[in-house]
Amino acid sequence: MLTLKNIIKTYKTGDEKVDALKGVNISFRKNEFVAILGHSGCGKTTLLNIIGGLDKYTSGDLIIDSKSTKNFSDHDWDTYRNHRVGFVFQSYNLIEHQSVLANVELALTLSGVSRKERRERAKNALIKVGLGDQLNKKPNQMSGGQMQRVAIARALVNNPEILLADEPTGALDSATSVQIMELIKEIAKDRLVIMVTHNPELAESYATRTVHLLDGNIVSDSDPFNEEQEIKSDEKKKKKSKKDKKVSMSFFTALSLSFNNLLTKKARTFLTAFAGSIGIIGIALILAISNGIDAYISSVEEDTLSSYPIEIQESTMSMGDMLSNMSSENTGKTPHDMDKIYSNNIMGELLNVMTSSLSQNNLTAFKEFLDGGKSGIEELTSGVQYKYSTTLNVYKADTSNSVTQVNPNKIMETLGFMPTSNPAMSMGMPSSQMSSTDVWQELLDNEELLKKQYDIIKGRMPEKYNEVVIIADKNNEINDFTIYSLGLKDASVLPQLMEDIKNGKEVDTEQTSYTYDELLGLEFKLLLNTDYYEKQGDIWVDKSKDNDYLRQKLKDSETIKVVGILRPSDEAVSSTMREGIGYTASLMEHLVNEVNKSEIVKAQKDNEEIDIFTGNRFPTEEDKKLNEQPITMDTINAYLETLPEKEKAEYKGAIQQMQMMGMPEEQIIEMFKKAKEQNSTDATYSGNLAALGVADLSKPSSILIYAKDFASKEEINELIADYNESVVEEDEIEYTDYIGLLMSSVTTIINAISYVLIAFVSISLVVSSIMIGIITYISVLERTKEIGILRAIGASKKDISRVFNAETFIIGLTAGALGIGLTLLMSIPINAIIYHFTTIANVAALPPVAGIALVIISMVLTMISGFIPAKIAAKKDPVVALRSE
């Protein structure tokens, strides 16, 4: 059973030592009601606390079932208190914020009993003490006697072997005291009850054994226990006894305790959580706005880069080298006085750079690389367009009044502003970076992006090569330049209109409108470059200026139909296309294939030496050599030997006739020059094919790569660099990233600003965490008695830490959830204000992952801030804690 051997307990008070117990020796039976009497300060409560494992003896030994406790760990004492000891205190020591049932259940919770079983056992314990109808009341709703009954029920619920009662009737009236003592007497029939009291009458009336204590020593014992009498029975019990299960409070129980405690201080808990949420709100708002702006920038990037692709041309020039030679870095090379303005001579260097920077790109091999499926370009781009040199010749279908070409656009040329050739090409600049007057544009082969950028206001998207769409602006308007270009208005009036403007006359232009059905009824005619030529004998004659010929050709040519009308969507920041006509890549592929199949192209390809437009031979290297040197009869004869037999014979026959006629050599030479000039052509084989619009679909003239965003554009640049490393030098791709020269990544700047703001706001988060730590420490001070109660019923130091960690967990969770909730609410007016001033929708948009992460961060920070207070709580002496109020 229970034996105390020479127990000494010494307290230190400053430099002094006070012996509360001075060598106490006593043994207890397994079933008896022992009353310990003595005046205040004689050591009664100290003795009781040592027996209950709440306080540790200085020396001696407490033997439990013949087992010494000298080497007991804290966990062993916790298990002992939970399973084998029940405490009844003078001041009840109930947890105020828990219900009666929850107070009684608590010891069972620590024992690991299931929820259903512990509820049943707690109810039974309360019924035994006569409180079966008071289960859900709080302690402050009960009388003193009722609270003491609850304390007894809590002490008995775990069926302990020992019940320790410290002045159980000290705070009760006489009638209630009798009831409580009768109850304790009944309990003592099947277990050891040790009661501390200063009332000898109670001891005399109810106890079976009375022990008097004086100044830390036992001075009398009414019924000493002879340990030898029950050694055998004790040994049998020892053999039969099972090892007590280690106690541990679940985190859920800790949450319940802390939650109920926080509910008793609702206002303070809310203010604490709100203060903790301020930092979360700040960071969440920054992340929300940053995320919204990032999304907006991504949209701008995608929309903008759809208008400014990376363009790789077959022939290209390094504009970077050229620009660097024009920069200020080249100034001051030649030293001079500062008395005049001197020239900085860069033209020679510039012309040299322009010449040396011209290079040819093998676009055939690069196209194979892009289309091979292994480049990974698909993930980085909104689309890739292949451009060909074949001209898209489109005419108005109605030729009754005139033959009107709508593409390529002739209006600016008619007004004298722009030649037919593209000036961009002559400077080496990509045509996509230069302004174009053509209103016919190829649609990006990305249906998802097109649907994002445009709304179909009537009709549908093209499904066949000969179907196109009209593109209006956001106001449902098409500029009149486009209207004139499409032949909807007569462009022949423009020269006169320009003259009127030059002469200062008022020009009144009336706004016109067209129904959707009128525009959907538009038809155009497609003419191949080869359709302009008619075969006459052995040569092909250009008939492009013959309107009657063109009318007949257009009558028989393919029809292009408008099948839809598009308008930029409200969300689109920038659009791929300008107002005008949008056609699919399949139209250009069809055009190239039809040109290549034409009779005139076959005729030219079948005879690579003869110009089909003149019937003359194309110039050879020998022709060039002859033109580069003085012509004599010797050079003429040498040249004739290089000609085909038929042509050589014709020339020689003519020369012989002139010689027979006695014509001077000089005159013969002049006649030869004239004859050669008449039979020669300035054309070339490749030039003729280009004029006919011949192209190879595997060999584009340029490639346009539309990056999804700036980050993707950088990856595309790296991809091209990797490609260049994998091929021979002749196949390397040269291009100039014009957008890279003009723009830098705005996203990087926004992120940098966001990080700085988050760093500043994080200070408030740290401050609020420190404040939560202080408030948790205050809570520790407020709940000191609760700590003592929990330790008395077997809670370990870890359990106590867990209780306060649970409290900070709840505050952190509440602060995080409150912060995110308020952020979402604040986002509504913020978005409304931003939209009002900028028309940018949904700028403040907190990502769900960021919201969850911030809640977790809030919980982690508050738990860290509560770590020290929780450790302080765990280290509190349970005896001292129980004395606190």
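Student: What makes the meeting of the K56 and D74 side chains a salt bridge?

Tutor: The term requires a side-chain nitrogen of Lys or Arg within 4 Å of a carboxyl oxygen of Asp or Glu. In K56 and D74 the N to O distance is 3.0 Å, so the pair meets the definition. The model is a predicted one, in which local features need pLDDT of at least 70 and side-chain atom pairs count only at pLDDT 80 or more, while totals for chains, interfaces and linings use all residues. Residues are numbered from 1 along each chain as its sequence is written, and side-chain values use heavy atoms, with hydrogens and water left out.

Student: Where in the chain do K56 and D74 lie?

Tutor: K56 is in the loop between α1 (44–51) and β4 (59–64), and D74 is in helix α2. They are 18 residues apart, and the pair links distant parts of the chain. Helices (H or I, at least four residues) and strands (E, at least two) are DSSP runs, numbered from the N terminus.

Student: Why is K56 called partly exposed?

Tutor: Buried means under 20% relative accessible area and exposed means over 50%, with partly exposed in between (1.4 Å probe, protein chains only). K56 has 44% relative accessibility, so it falls in the middle class. D74, at 30%, is partly exposed as well.

Student: Why are E447 and K451 said to be about one helical turn apart?

Tutor: Because they stand four residues apart in helix α16 (residues 447–453). E447 counts as exposed at 52%, and K451 does at 53%.

Student: Which class, buried or exposed, do E786 and R783 belong to?

Tutor: Both E786 and R783 are buried. They also form a salt bridge, with 2.7 Å between the closest N and O atoms.

Student: How many salt bridges does a search of the whole structure find?

Tutor: The search finds 36. Some salt bridges join into a network, which links R29, E32, R209, D221 and D223.

Student: Which element gives the largest share of the lining of the largest cavity?

Tutor: β6 does, with three residues. The residues lining the largest cavity include V85, F87, R154 and I793.

Student: What is the make-up by class of the lining of the largest cavity?

Tutor: The lining has six nonpolar, three polar and two charged residues. Ala, Val, Leu, Ile, Met, Phe, Trp, Tyr, Cys and Pro count as nonpolar, Asp, Glu, Lys and Arg as charged, and the others, Gly among them, as polar.

Student: What pLDDT does the chain average?

Tutor: It averages 83, and 89% of the residues score at least 70. pLDDT is the predictor's confidence in each residue, from 0 to 100. Over residues 236–242 it is below 50, and that stretch has four contacts (heavy atoms within 4.5 Å) beyond near neighbours in sequence.

Technical notes: 1 Å grid on protein atoms, 1.4 Å probe; cavity = no way out; pocket = protein on both sides within 12 Å on 5 of 7 lines; lining within 4 Å.
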